[in-house]
Amino acid sequence: MWALPVVLRQCLWIMAGKVKWVTDIEKSVLINNFEKRGWVQVTENEDWNFYWMSVQTIRNVFSVETGYRLSDDQIVNHFPNHYELTRKDLMVKNIKRYRKELEKEGSPLAEKDENGKYLYLDFVPVTYMLPADYNLFVEEFRKSPSSTWIMKPCGKAQGKGIFLINKLSQIKKWSRDSKTSSFVSQSNKEAYVISLYINNPLLIGGRKFDLRLYVLVSTYRPLRCYMYKLGFCRFCTVKYTPSTSELDNMFVHLTNVAIQKHGDDYNHIHGGKWMVSNLRLYLESTRGKEVTSKLFDEIHWIIVQSLKAVAPVMNNDKHCFECYGYDIIIDDKLKPWLIEVNASPSLTSSTANDRILKYNLINDTLNIVVPNGEIPDCKWNKSPPKEVLGNYEILYDEELAQGDGADRELRSRQGQSQGPRAGRSRDSGRTVLTTWK
């Protein structure tokens, strides 16, 4: 009759040393990773250590009204105000502010050419907020009336609400359809960004594509971030044409899988995806190794600069980490452009390879943010040994880079580095990139 309490005590003792997890995102790549570690599932109302949550839930956790204080053994997968980077309008606003601050400081990174364009920080297409910047947009549009622009709702993802325009009348129609009589009346109107469309994308097989790259940030101050080596390209199903007659054809222009999977030519086996390693091999064979290395170096530069741009305004809560989905487009001159950053990159698997990639992504992420699979301790320095990085590689470590100034950054921007591996230095037993920091 006393056996049951003994068993219960043993179970409680075993559970006491296990990470207790919760998620409101029911994806097998998450749950399988938690279960593989022997972690214990609990409800959000019980004591938990690890909560992989949606962006809606993170608002409640850190809300002044409904939020609560997290303890040192609890971590979550979003920073409280991640939207400073992942909301399209705020990302652009923060990058513009960052450039102006560098300019004000007299930093050589903010140098401009004779046309007033940034030499080293021109990596976001010309962008305006609507309706707020409508007059500024019109002024810019009239300088080049034959250009094409892309409109996106600030707070949506997966290609929802996106359309292309090449006439001012189309904007006025959009305004009328949105039940807003004037651009001055902004209170009820959903915010949009309008960006100059990259109408000369690099094409492979005649099709447009973009890159989805995963970047893990463990802390913003000091900034420490990791690049996942297994990113991929997402291809359109219909061959690209800049023809204005095809502006409404989203199968030509938008690479989102949520859009492309409805196309007649969508391939369910490979899902219209190509590993970044294949892209690199393709470019090395068609364009040469040197320019390919330069391209990927520039992509890394863009990512680090975008994170530096938001670091001062980010709430660097010690309970938080974040795995971002970066979307990059490469133009036909091999110049990379930052299009947007996603706070909750899709964990849905469209193919078998996709499932493996995302399972490994979560596995490697957990190995970094929850060392040894043990109960988290927010007081640790968030600097894991190289052996646990898996397919991640350190992209930038501010503590290790503090000896490097803007002059080194500028030398790299001016092409004095010898490809992406140049200038690697060893510090504390880890390899870090120093050429473009």
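1. The chain holds 14 helices and 18 strands, where helices (H or I, at least four residues) and strands (E, at least two) are DSSP runs numbered from the N terminus. The model is a predicted one, in which local features need pLDDT of at least 70 and side-chain atom pairs count only at pLDDT 80 or more, while totals for chains, interfaces and linings use all residues. Residues are numbered from 1 along each chain as its sequence is written, and side-chain values use heavy atoms, with hydrogens and water left out.

2. Of the 437 residues in the chain, 52% are buried, that is, under 20% relative accessible area with a 1.4 Å probe and protein chains only. Where contacts (heavy atoms within 4.5 Å) link residues at least 6 apart in sequence, 70% of them join residues at least 24 apart.

3. Leu338 deserves a separate look: leaving aside residues up to four places away in sequence, Leu338 touches Met91, Ile95, Phe123, Val124, Pro125, Ile302, Ser306, Tyr326, Asp327 and Ile328.

4. Helix α5 (residues 88–104) packs with α11 at an angle of about 90 degrees, the axes being 8 Å apart; axes are lines fitted to C-alpha atoms, for helices over the stretch in contact, and angles run from 0 to 180 degrees between N-to-C directions. The two helices are therefore roughly perpendicular, a label given to angles of 65 to 115 degrees. Asn94, Ile95, Arg97 and Tyr98 in α5 meet Gln305, Ser306, Lys308, Ala309 and Val310 in α11.

5. Helix α2 (residues 28–36) and helix α12 (residues 352–369) have axes that come within 9 Å and cross at roughly 50 degrees. The crossing is right-handed, the near helix being turned clockwise from the far one by less than a right angle. From α2, Val29, Leu30, Asn32, Asn33, Phe34 and Lys36 meet Arg355, Lys358, Tyr359, Ile362, Asn363 and Leu366 in α12.

Notes: Buried means under 20% relative accessible area, exposed over 50%, partly exposed in between (1.4 Å probe, protein chains only). Angles under 35 degrees count as roughly parallel, over 145 as roughly antiparallel, 65 to 115 as roughly perpendicular and the rest as oblique.
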